[in-house]
Every structure is written in structure tokens, then in C-alpha cells.
Amino acid sequence: MGPGLLRGLLVVVVALGVCRPETPRPAPSSIRALDGDTLALPGGDRVRLVHVDTPERGRGGAEEARAYSQRFVESGLPTLSRGDSRRDRYGRRLADVTVAGRSLSAALVEHGLAWIYPPGTSALREAQCRAVEARLGVHAGLDDLRLGPLVATASRFHRVTCPVIGRRAGARPWSGTAAEQLMRGRAPCRTCLPWPPREVGGGPASLRDRLLGGG
Ligand SMILES: [Zn+2]
């Protein structure tokens, strides 16, 4: 190979390096986080993240989770994984959203902004365990909770007064705490334990302080 050809190749390599287009970013408004676990796509379709729940609007951490999901989808090129034809009863596509191979569901759980929608995955259960242990996000006030005795099934935990669980077979009294239940990968009952309880973190403002304070 002559020096001229070599120089020519170098020029091409350098040019490729310089001219390689940046990862295309969607316009900020192209995907909109309606709340932490629900996204609106440009065509009007909605996506419900699989495996996780985030706080409902008005509860502690709801706005933080929504803002996190919005920043996440704006951080690169979002793609839908598990984007199959499954939909929930509200017509939302059930999928995870990834940016550069990173899962939004996992990121939310890691930051304590979401908890597992059972059964989740083993990776999510480990992430939830770490987030609860570190009392991140909505888990921050778990030690101040006074929920009274809890009842557990395979996937969820309830107040003993829960109208859903009643005396259902398989439910058993549990002397442990909500933190322990969450660390076992169980989720709070959606009827008797809207999550996070008002007691956790003392409300959205206090949680926001903690999240911002903790970076
Ligand atoms: Zn319940």
C-alpha cells in the first residue's frame, strides 16, 4: 500500500469520525410522560410500562416520577421493547421503553420512583430491594409508617382490614414491616394501600426535598 493510498484512507476514516451523525433525538414534545408509568406517543397511542407502578397523580412522588420519565425519553432515542400487540383494559400498549439499552422501568425502580407490579422480573426485584434498603424516593419514610398488622399473599401485601383480601385462602398474617414486604418483591394492595401512604415522607413537598437533596 503506497503512502498516497494510506493517506487517502486516513482522510476517509477521519471524515467518517467527524461526520458521523449524532444519535437522533426525538423532539422534546414527541413523547409525553402523562405520569411515571404512562407515556403518550406522537400518534396518540399510549404506552403503559410493564412490571412497574408509580404513584398516582396527587400522591407523594407522582410528579417526580412523571418528570423523571419525561427526562428519560428525552435523553436519547427511545425505543419500545416488548412492543407486542398486548394492551391493557384501557387500550394502552404494554411495553417497556429503553434508551441506549437502558430500561425506563428499571431506572424508575432503582431510584425508588416506582415499585414492582408483580411478579416483575428478578432484576427488578433486586433493584427494588436495594432502593428500599437505601430508602430512596417513595421509600424514604418507610420507617415512620404505622400501618398496623399486614396480610400477605404471594404477590401483594394488605392491611388486615382490606375488603379485597378478606379471609382469602393463602393470605396470612405477617408480623414484618412494609419495607420487608417490598424487599421481598411484593407490592402494596391497590385498594387498601394506595401507595405511597400519606405518612411516607410527609407528602409530595417533603419527598421532593429529599429527592433533590439526595441528588
Ligand atoms: Zn388490600
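1. Helices (H or I, at least four residues) and strands (E, at least two) are DSSP runs, numbered from the N terminus. By that rule the chain has 6 helices and 12 strands. The model is predicted: local features need pLDDT of at least 70, side-chain atom pairs count only at pLDDT 80 or more, and totals for chains, interfaces and linings use all residues. Residue numbers start from 1 along each chain, as its sequence is written.

2. Burial is counted on C-beta atoms placed from the backbone: a residue is buried if 20 or more other C-beta atoms lie within 10 Å of its own, exposed if 12 or fewer, and partly exposed in between. Of the 215 residues in the chain, 34% are buried. Two residues are in contact if their C-beta atoms, placed from the backbone, lie within 7 Å. Among contacts in the chain with a separation of 6 or more, 64% are between residues 24 or more positions apart.

3. A nonpolar core is a set of buried Ala, Val, Leu, Ile, Met, Phe, Trp, Tyr and Cys residues joined through C-beta atoms within 7 Å. The largest one holds 40 residues, and the members touching the most others are Val52, Val97, Leu108, Val109, Ala114, Trp115 and Ile116. Two or more residues each come from β3 (46–49), α2 (62–73), β6 (93–99), α3 (104–110), β8 (115–116), α4 (122–133), β9 (150–152) and α5 (178–183).

4. Which residues does Val52 contact, leaving aside its neighbours within four places in sequence? The list is Asp37, Ser105, Leu108, Val109, Ala114, Trp115, Ile116 and Tyr117.

5. Strands pair if DSSP finds at least two bridges between them. β2 (residues 38–40) runs antiparallel to β3, with 3 bridges joining them; Ala40 stands opposite Arg46. Their hairpin has 5 residues between the strands, including Gly44, whose phi is positive, near 100°. β3 also pairs with β6, in the parallel sense and over 3 bridges. There, Val47 has Arg93 as its bridge partner.

6. Helix α2 has 12 residues and spans 17 Å from first C-alpha to last. That is close to the 16 Å expected at 1.5 Å a residue, where the expected span is 1.5 Å times one less than the number of residues. Buried positions in α2 are Ala62, Glu64, Ala65, Arg66, Tyr68, Ser69, Phe72 and Val73.

7. Most residues other than glycine have a negative phi, and most peptide bonds are trans. His51, not a glycine, has a positive phi of about 75° and sits in the loop between β3 and β4 (52–53). Ala100, also not a glycine, has a positive phi of about 50°; its place is the loop between β6 and β7 (102–103).

8. Are these two residues buried or exposed? His51 counts as buried because it has 23 C-beta neighbours inside 10 Å. Ala100 counts as exposed because it has 10 C-beta neighbours inside 10 Å.

9. One joins Pro118 and Pro119, with omega about 5°, and Pro119 belongs to the loop between β8 and α4. Another joins Trp195 and Pro196, with omega about -5°. Pro196 is in the loop between β12 (187–188) and α6 (204–213).
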